[in-house]
Amino acid sequence: MAVSGSDVAALYTLLSNSMNVDQRLRGPAEEALAQSESRPGFCSCLLELIMAKDLASQNDVRLMATLYFKNSVNRYWRHRRDSSGISNEEKTHLRQKLLLYLREENEQIAQMLAVLISKIARIDYPKEWPDIFMVLSQQLQSADVLASHRIFMILFRTLKELSTKRLTSDQRNFAEISSHFFDYSWHLWQSDMQTILHGFSSLSQSYNSNPDDQHHELYLTCERWLLCSKIIRQLIISGFQSDSKCFQEVRPVKEVSPVFLSALQSFLPYYSSFEKKYPKFWDFVKRACTKLMKILVAFQGRHPYSFGDKFVLSSVVDFCLNKITDPEQYVLSFEQFLIQCMMLLLSNALYPCHRYFVLTASDLEEWYHNSEAFHHEQDMIQWTEKLRPCAEALYIVLFENYSQLLGPVVVSLLQETMNNCPTSVTEITPVLLLKDAAYGAAAYVYYELSNYLSFKDWFNGALSLELSNEHPNLRIIHRKVAIILGQWVSEVKEDTKRPVYCALIRLLQGNDLSVRLAACRSLCLHIEDANFSDREFVDLLPICWDSCFKLFDEVQEFDSKVQVLNLISTLILHVSEVIPFAEKLVQFFQKVWEESSGESLLQIQLLVALKNFVVALGYQSPICYSILLPILENGININNPDELNLLEDSMLLWEATLSHAPSMVPQLLPNFSRLVDIMERSFDHLEVAVNIIEDYIILGGNDFLSMHAANIAKILDLVVGNVNDKGLLSVLPVIDILIQPAKVCVRELFRARLSIVDSSSLVVKFPLHNSAIAPIKWIFDNLERRSSRDGKTPRDAGILVGTAPNGDSTVGNFPCGDGDGKQNSPEAGAGTQARIPAPHPLATLPSHRIVAPHRAITLIASWRMGSLRGIEPCGEWGWGAMFPHGGERGWRQRRGANLRAGMGSRECFPMEVPPLISSTLQKLILICLSGGDDRDPSKTSVKASSAAILARLLVMNTNSLAQLASDPSTSLLLQTASIPVQENILLCLVDIWVDKVDNVSCIQKKTIGLALSIILTLRLPQVIDKLDQILSVCTSVILGGNSDLTEEESSLWLGHGLVVVDQVELCAFADLLSIDCDFSIG
């Protein structure tokens, strides 16, 4: 239902009640207003209420109406899917009415209306509102001072808004506005300048004791002139391309800058004369002088060549230099003006500015009353906002450019001040303050000054002696020494490290918070340094931890707590002895978390510290779970009010927790559902999320997968197809892990559980996937017929049928020797019962290589540092290990965690997983069969990796891929994507496997080779047509060796039945896992 003019009175009541302190009135009013915002006519009613003459005195209600008007424009002026928005007719009405209401007397409401008009202009100009500037210009001709001031306010806000648009067409429009509007604005500025100077002259000669209220029109002219100055700045800065890029002179810069400088010189004398007599005009002079200097600095930065004209630059620089080096008394108190003068000189790096380093009486008083606040003001504030930091920045630039000239001068000054003020002086005198300033000058330029000053001599001869005097007044020097020790960290050599560490720890224990915080920052710089000596620092750790905890308790400022927590986090990350202090750190983190409620920046620093703590604890990280898990659960909750600030660091903490967990704890399992919520909102944390998923799969095993299989499927379906190639490449390994039970089970099993024992051999038994026997035999038949090279068959090599490659006797194609006589034992004839054919004579191969397929193979291999006692069945595929008692060393999990011996197997669901992620697998088929990767390496990598995953699926679960390829929904997906499929989808994948086999890793090549061997069993005419290509790939895989393997891959290959023995290494054709250890024939 639309809002009409008759609702203005009701709207006024709602607005009035929305400001009522009584919640019973305010709550319903706010709710009613919120419901009315999207209704047609709401903004028109608000504008009528704002413009109502009978409500002119009700400024609070009108201001609230303006606020709702602005918010409605922001939300509904653009058309949105979920809202009808504001109609075009109402927009036209609002634009016309806004430009007719230009004499608003209330300054706040006028400001809000100007902002509101600028927001509309940003959207509608020039297409829907082409005449806005023409209408405003016409009204300026007949406007009084108040109306013209409001018009200039609107112009300034609108031009500022339009100048931020970055499209070429928008910038071209703004340049056109500048060319038409500059001359008019400039003439009005000059006219107002003459009026203001004449008025100021009259004021200075007036003896009226209370004249401010009698010169309202002159004050409005001043404000209009100031707005006009801002408009001219906007037109010149944004309306002309930078002359540093186009090398074309910007005429207005040369025309305006000298006049601005003249205006500055005219205004400055009134800064002192108006301060007490005319406070309003004194404030205007202060703002005008600062603004004019800022505009000149902006001109120099945007148009340096035009500003560098001899009639501009020289006069401006002379003026600034004179005000800095020889200022009038009243200018010394005008800090903002001096800062802008320094900034202009800083851009030129021409003139020194050392006199501003010395602490003033007000600085010392501030330090005495609040040393903590003083530290942050001096140490952390933006240099553009304070006089001394700005002078320091200017000095640093000058020194960097003229170090050869200034280096000896600074060293001489330093020596002179130390001689004039020895370490025994305790009274705060100008000499001591000058020494403090000289120390500061040396601290800021450590890199260049180190060529002229030996830090070791300086520290031993002066700085360490300064710290021996503990008089309270010398906190001034102690703070500067702490800063020096941090800044000169790169010059602290081995023989000086220990004394410097001790000095900083001593300063950290002092009484003055400013000194202690300076020492805290410097100590952090030393610990972060690449040459940090843990050996020299380790015995200082107990007192360092206690000092940090004590300092955190004593400081009050938020920045101070963050700084101390950062030092603690850095200590945890870099020192070796953390576990002995774990209990204290857990108590400290618990306290910090309880005190940091609502302080997201402090909580972020705490999350970083906790992550470092978990990494430092390693497999002992569960000792901190009592504090870590509740904090983690809070941080990954997207409904948390501070979620935007905490989520990134919470995700990293989550990853570290899983990576260094010795086992999965029940409290971590439910948290995985949070990852679904996070990924549904955005993919900003995709890389970390993938690592978390992998950790859960590997660490959680069956318990995790039985609980969260659907969530994993949901995440994969959400990600695949909706992220770029880089994102896809990061998530594909997760799919790969899910469809290969052997790799997850055995590789992690071996890495986590193998222990060193005294026996000299490792026995590994594994079965061959049934579907692979016949095709491998068929390949060997074809290879034998097609090969013409000399080589040896097993019989030629002296290996009898029924003999394993290592020479052990076999029963039913199984190795003998376990002797348990159980159902699946070789003695029971399991191989014969399974009707596995006897080993087939193999293709001829080079004489140094012997290849033999078996249903199960016993490998006797030597371990570099020891070996296993034996093997026992484990898991659906028969993988497993019997762990020795008392082994001290174990293999660490891939992501760094130590898994406890005796944990359950790490197998996935080879039969259940593919149906759960069928939608994701269909998308992989779509990726494989889509084109567009010929000239795009990233797309080629994605397609090749996806093809390798589908090949692995065929090997691990042939029926699943066949069903997926024949599913009508797969064909429909391909048709929707306009991908023509002329033949069976599975046969299309064969072409992809053949085409992309050279774009995958060695292990993926073997997977593709085995998949192609399975395809050969189909005996279809289409397969026969591709026979040469398939056999070529299979041959290259078999004969290609392992020359392109990484060290990890080449150390040991175990596969599903084809074992290659080549000089002291074991290779498998269809290898689906790799183990980080080297094996040789036993």
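Guide: Leaving aside its neighbours within four places in sequence, S514 is in contact with W367, S371, F374, H375 and R479, where contact means heavy atoms within 4.5 Å. S514 is placed in helix α27, which covers residues 513-528; helices (H or I, at least four residues) and strands (E, at least two) are DSSP runs, numbered from the N terminus. With a relative accessible area of 0%, S514 is buried, a word that stands for under 20% relative accessible area, while exposed is over 50% and partly exposed lies in between (1.4 Å probe, protein chains only).

Before going further, please keep in mind that this is a predicted model, in which local features need pLDDT of at least 70 and side-chain atom pairs count only at pLDDT 80 or more, whereas totals for chains, interfaces and linings use all residues. Residues are numbered from 1 along each chain as its sequence is written, and side-chain values use heavy atoms, with hydrogens and water left out.

The chain holds 50 helices and nine strands, and 54% of its 1082 residues are buried. Of the contacts in the chain with a separation of 6 or more, 76% are between residues 24 or more positions apart.

The largest nonpolar core has 313 residues, of which F200, F267, W458, F537, F589, F613 and W993 touch the most other members; such a core is a set of buried Ala, Val, Leu, Ile, Met, Phe, Trp, Tyr and Cys residues joined through side-chain atoms within 4.5 Å. Helix α36 (residues 686-719) gives the most to this core, with 16 residues. F200, again leaving aside neighbours within four places in sequence, is in contact with C222, F267, Y270, F274, F281, F284 and V285.

Helix α10 (residues 216-239) has 24 residues and reaches 33 Å from its first C-alpha to its last, close to the 34 Å expected at 1.5 Å a residue, the expected span being 1.5 Å times one less than the number of residues. This helix, α10, is mostly covered, since 19 of its 24 residues are buried. W225 lies in α10 and is buried, with a relative accessible area of 0%. Beyond its neighbours within four places in sequence, W225 is in contact with W189, D192, M193, I196, F267, F284, A288 and L292. W225 and L188 are 37 residues apart in sequence, yet 8.1 Å apart in space, C-alpha to C-alpha.

Another helix to look at is α7 (residues 132-142), whose buried residues are I132, F133, V135, L136, S137 and L140. These buried residues of α7 pack against α5 (88-100), α6, α8 and α9 (168-205).

By way of contrast, Q1029 lies in helix α49 (residues 1027-1039) and counts as partly exposed, at 43% relative accessibility. Q1029 and D991 are 38 residues apart in sequence and 9.0 Å apart in space, C-alpha to C-alpha.
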